Amino acid sequence: MARMATTRRVAVSTIGAWLAGFLIFFPILWMVLASFKTELEAFAIPPSFLFFHWTLENYATVQERSDYLHHAMNSIIIAGGSTLIALLIAIPAAWSMAFSPTKRTKDILLWMLSTKMMPPVGVLVPIYLIYKTFGLLDSRIGLVFILCLGNLPIVIWMLFTYFKEIPRDILEAARMDGATIGRELVYVLTPMAIPGLASTMLLNLILAWNEAFWTLNLSTLHAAPLTTFIASYSSPEGLFWAKLSAASTLAIAPILVLGWFSQKQLVRGLTFGAVK
Amino acid sequence: MGQITLQGVQKAFGPVHIIKGADLDIADGSFVVFVGPSGCGKTTLLRLIAGLEDVTDGRILIDGKNVVAVPPAKRGLSMVFQSYALYPHMSVRGNIGFGLKMAGLAKDEINSKVEAAAATLNLTPYLDRKPRELSGGQRQRVAIGRAIVREPKAFLFDEPLSNLDAALRVQMRLEVTRLQKQLGTTAIYVTHDQVEAMTMADKIVVLNGGKIEQYGSPLELYERPNNLFVAGFIGSPKMNFVTGEQAAQQGAVTIGVRPEHLKIERGGAGGWSGTISVAEHLGSDTFLYVDAGPLGMLTVRYIGELSLSAGDRVSLTPEPNRVHRFDGSGNAIRA
């Protein structure tokens with residue numbers, strides 16, 4: 001009896017989990033399906049789920065109307081560049097706070113986090129004006145800069161937590177073994193922090209890739225990443241559902257693939273320290 | 001060469017004085033154990049010698065050279081940590097060879113030295129494993145391998161065996177002692193376990209509250225403790241202390257007699273008599289806890305089996321030349 005009850009419970013929770021998973025996934029699925037429909041079918045009521053006239057014409061139009069590769073390249077440069085610079089700044093910052101903390105370390109960490117509590121729109125005007133003055137509007141470097149600054153507190157916090165998990169003894173052993181601070185960082189600390197570094201990097205990439213507020217406000221064409229590319233399909237002339245879906249599918253595809261292949265690393269990194 | 005001298009070494013963390021002035025002379029090739037209760041400063045003193053902490057005052061000489069301003073790696077010492085502190089992402093080979101790699105040795109040279117060290121420690125079959133694939137004892141051996149491969153002037157051991165189970169601890173104790181004798185390298189070993197101290201050391205430093213209470217060979221400490229603290233700390237079971245009239249008769253404020261130096265007889269005559277409250281029969285020894293009225297609880301160790309049990313009346317006689325006398329401030333009165 002007990003065995004049967006357990007089997008049934010497992011079955012119920014499996015079905016429940018699949019349902020929840022499907023519910024979360026549904027909007028993405030719907031978007032992908034819509035991208036293969038004609039504009040008319042895309043908002044037809046009742047909606048057709050699978051039995052419609054499958055077409056690739058939206059993708060052709062999207063590619064013809066705007067240069068997907070140009071925007072994708074911008075996204076890669078902006079997300080990749082901001083992540084790289086953020087890590088370069090955050091690794092030494094987190095390292096020093098984790099291994100030689102002072103009385104003020106906690107305050108500094110909190111102050112960093114507090115900058116994330118302010119809504120970005122609160123500083124839009126000053127930032128816009130600064131960017132205008134320095135000629136950074138619609139430039140890749142400008143976007144790299146703002147996304148890097150925006151995500152830096154989170155990156156430092158994450159790395160700080162990972163570094164804190166590394167036993168001090170090991171670093172002292174490295175010092176006894178004759179490692180300088182630089183070599184300690186290269187040979188001991190960084191390899192031990194790789195799961196943490198990887199998940200921080202991935203998370204930051206995803207955040208930067210999906211960031212829409214600053215990219216929409218500070219770029220138009222030259223530096224515009226995929227977020228701007230999607231938004232351009234919601235225009236005053238009307239909403240082109242099928243084309244918008246095609247553009248969105250194209251925009252999320254790279255990060256979705258990246259996330260899929262690195263999910264193990266991502267989950268391990270996010271739960272790092274939770275289980276010893 | 002590995003002669004280490006401490007001259008007036010002090011360490012304070014803010015207003016807290018951890019080491020209140022330590023003077024010590026450690027001869028080349030000797031095995032010195034720092035022992036004391038937890039918080040006595042023994043680990044801090046070791047870390048000062050290692051260079052992992054800076055001294056507040058005083059000088060540390062290694063082979064006659066003051067090293068207080070020299071970074072840890074340049075002092076020519078190697079350390080074995082309580083937690084082993086192995087690099088988890090490196091193989092055993094990488095762990096043992098890391099120090100040599102940092103010193104800029106050629107790959108071939110590193111390999112041959114690592115393999116020699118591994119052979120000494122029976123680690124050859126495990127050279128390509130990661131630390132997580134090893135048992136506690138094997139990990140400890142890797143940590144020791146990492147220390148010996150650099151051919152240091154001295155080894156520093158920070159409670160290296162306290163994470164091992166009792167049987168393995170005894171085995172590793174022997175291995176460490178044997179290895180040190182074989183290499184002839186100076187060793188400083190920190191432990192809170194006075195049995196480890198007695199069995200391994202050429203000389204013991206007893207620390208208490210940041211001060212060196214006594215420095216001497218294990219038997220010197222056992223036979224001629226300088227004060228009440230050392231007398232009570234060295235030896236197991238603990239020395240019995242008696243105050244009052246019995247002590248005054250011998251011209252002391254406190255007298256101490258080790259459990260093995262009390263002669264026991266059935267029946268309750270004489271000044272030192274009492275009732276057995278607990279009897280422990282180990283076969284090789286018999287430990288008796290005797291309630292001796294005004295003298296307090298006395299522990300008696302009898303070598304061999306003694307068929308006495310709780311409730312029996314006994315009389316105790318201390319061996320006359322084995323009574324330690326202490327004055328009012330706890331210092332030993334020498335005849």
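In the predicted model, chain A contains 14 helices and two strands. The radius of gyration of chain A is 23 Å, whereas a compact globule of 276 residues would have a value near 19 Å. The C-alpha trace of chain A spans about 75 × 70 × 30 Å along its principal axes. Buried residues make up 32% of the 276 residues of chain A. Of the contacts in chain A between residues at least 6 apart in sequence, 77% join residues at least 24 apart.

Chain B holds an open sheet of four strands in the order S2-S1-S4-S5, with antiparallel pairing. Its edge strands are S2 (16–26) and S5 (65–66) of chain B, each of which pairs on one side only. Eight bridges connect strand S1 (residues 4–13) of chain B with S2(B), and the pairing is antiparallel. Within this chain, Lys11(B) has Ile19(B), in S2(B), as its bridge partner. Helix H1 (residues 42–50) of chain B lies across S1, S2 and strand S4 (57–62) of chain B. The angle between H1(B) and S2(B) is about 65°.

The two chains meet through 16 residues of chain B and 14 residues of chain A. On the side of chain B that touches chain A, the elements giving two or more residues are strand S6 (77–80) and helix H2 (92–102) of chain B. The most is given by H2(B), with three residues. By residue class, this side of chain B comprises 12 nonpolar and four polar residues, and no charged residues.

Key
Residues numbered from 1 in each chain as written. Chains lettered and ligands numbered in written order. Predicted model: local features only at pLDDT ≥ 70, side-chain atom pairs only at ≥ 80, totals over all residues. Contact = placed C-beta atoms within 7 Å. Nonpolar A, V, L, I, M, F, W, Y, C, P; charged D, E, K, R; others polar. Rg over C-alpha atoms; globule rule 2.2 N^0.38 Å. Buried ≥ 20, exposed ≤ 12 C-beta atoms within 10 Å, placed from the backbone. Pairing = 2+ DSSP bridges. Axes fitted to C-alpha atoms, helices over the stretch in contact; angles between N-to-C directions.
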